[in-house]
Amino acid sequence: PRDFLHAVANLQAELDELRNADHALDQLDAQLETLQKTYDQHATKLSKARAKAAKKLSDTVTTSMQQLGMKGGSFSVACESHSDSPARHGTDSIQFLVAANPGQPVGALSGVASGGELSRISLAIQVATADCGEVPTLIFDEVDVGIGGAVAEIVGQLLRRLGSQRQVLCVTHLPQVASQAHQHYRVNKISDGETTE
């Protein structure tokens with residue numbers, strides 16, 4: 001009898017749910033509409049904040065690029081709305097665009113910049129966002145490729161400034177960059193013609 005009563009209760013609950021399905025759907029539709037409006041408001045606010053920050057970051061990194069031996073180069077952050085449907089990080093698609101030299105077309109950072117340019121642009125971004133990040137260690141390789149003199153001195157100073165807030169590891173061949181470090185490690189490559197260490 002107990003199993004029978006339990007089965008009857010389950011069937012009654014299921015029947016009530018089916019009878020009230022239209023009412024439940026109306027409630028869900030209303031709730032969905034409210035949530036969509038809330039999402040749209042937050043997504044719009046986020047898009048406006050991103051556009052403002054993108055302009056500021058673009059200007060700051062472009063200015064730094066001039067100091068880092070990339071005269072005439074430019075950096076921009078493209079924020080494009082990609083969808084009206086809800087997504088985890090809003091409706092924007094963010095892309096870093098760069099022209100490393102004057103007269104070059106702007107393209108995606110990953111496809112346009114060489115290794116040394118990429119490293120210097122990364123340095124400029126890290127300096128521009130130093131107060132925002134929480135990454136404890138930054139590693140720069142080839143940051144001094146194709147530069148020397150006063151530009152190398154600026155690179156060293158920027159790396160040292162970053163080093164006051166977090167650990168910076170930098171592979172360098174230039175004394176102007178190395179002289180700004182707190183500690184040095186010398187790395188040598190030794191080969192006997194058959195093996196290299």
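The largest pocket in this predicted model holds about 820 Å³ of space. Its lining comprises 24 residues. Those closest to the pocket centre are L169, C170, A181, Q183 and H184. Strand β5 provides the largest share, with five residues. By class, the lining of the largest pocket divides into twelve nonpolar, nine polar and three charged residues.

Helix α5 spans residues 149-163, and helix α4 spans residues 115-128. Their axes come within 10 Å and cross at roughly 45°. The crossing of α4 and α5 is left-handed. On the α4 side, the contact involves L123, Q126 and V127. On the α5 side, V155, L158, L159, R161 and L162 take part. The residues of this contact divide into six nonpolar, one polar and one charged.

Helix α4 has a further crossing, with helix α2. Helix α2 covers residues 21-67, and its axis comes within 9 Å of that of α4. The two axes cross at roughly 130°. Helices α2 and α4 are therefore oblique to each other, as angles over 145 degrees are needed for roughly antiparallel. The crossing of α2 and α4 is right-handed. Residues L57, T60, V61, S64 and M65 of α2 make the contact with I121, A124, I125 and A128 of α4. By class, the contact of α2 with α4 has seven nonpolar and two polar residues, with no charged residues.

A charged residue is present in the contact of α4 with α5, but none is found in that of α2 with α4.

How values were computed: Residues numbered from 1 in each chain as written. Predicted model: local features only at pLDDT ≥ 70, side-chain atom pairs only at ≥ 80, totals over all residues. Heavy atoms only, no water. Axes fitted to C-alpha atoms, helices over the stretch in contact; angles between N-to-C directions. Helix = DSSP H or I, 4+ residues; strand = E, 2+ residues; numbered from the N terminus. Left-handed = near helix turned anticlockwise from the far one by under 90°. Contact = heavy atoms within 4.5 Å. Nonpolar A, V, L, I, M, F, W, Y, C, P; charged D, E, K, R; others polar. 1 Å grid on protein atoms, 1.4 Å probe; cavity = no way out; pocket = protein on both sides within 12 Å on 5 of 7 lines; lining within 4 Å. Points joined across faces, edges and corners; volume = space filled by probe spheres on them. Parallel < 35°, antiparallel > 145°, perpendicular 65-115°, else oblique.
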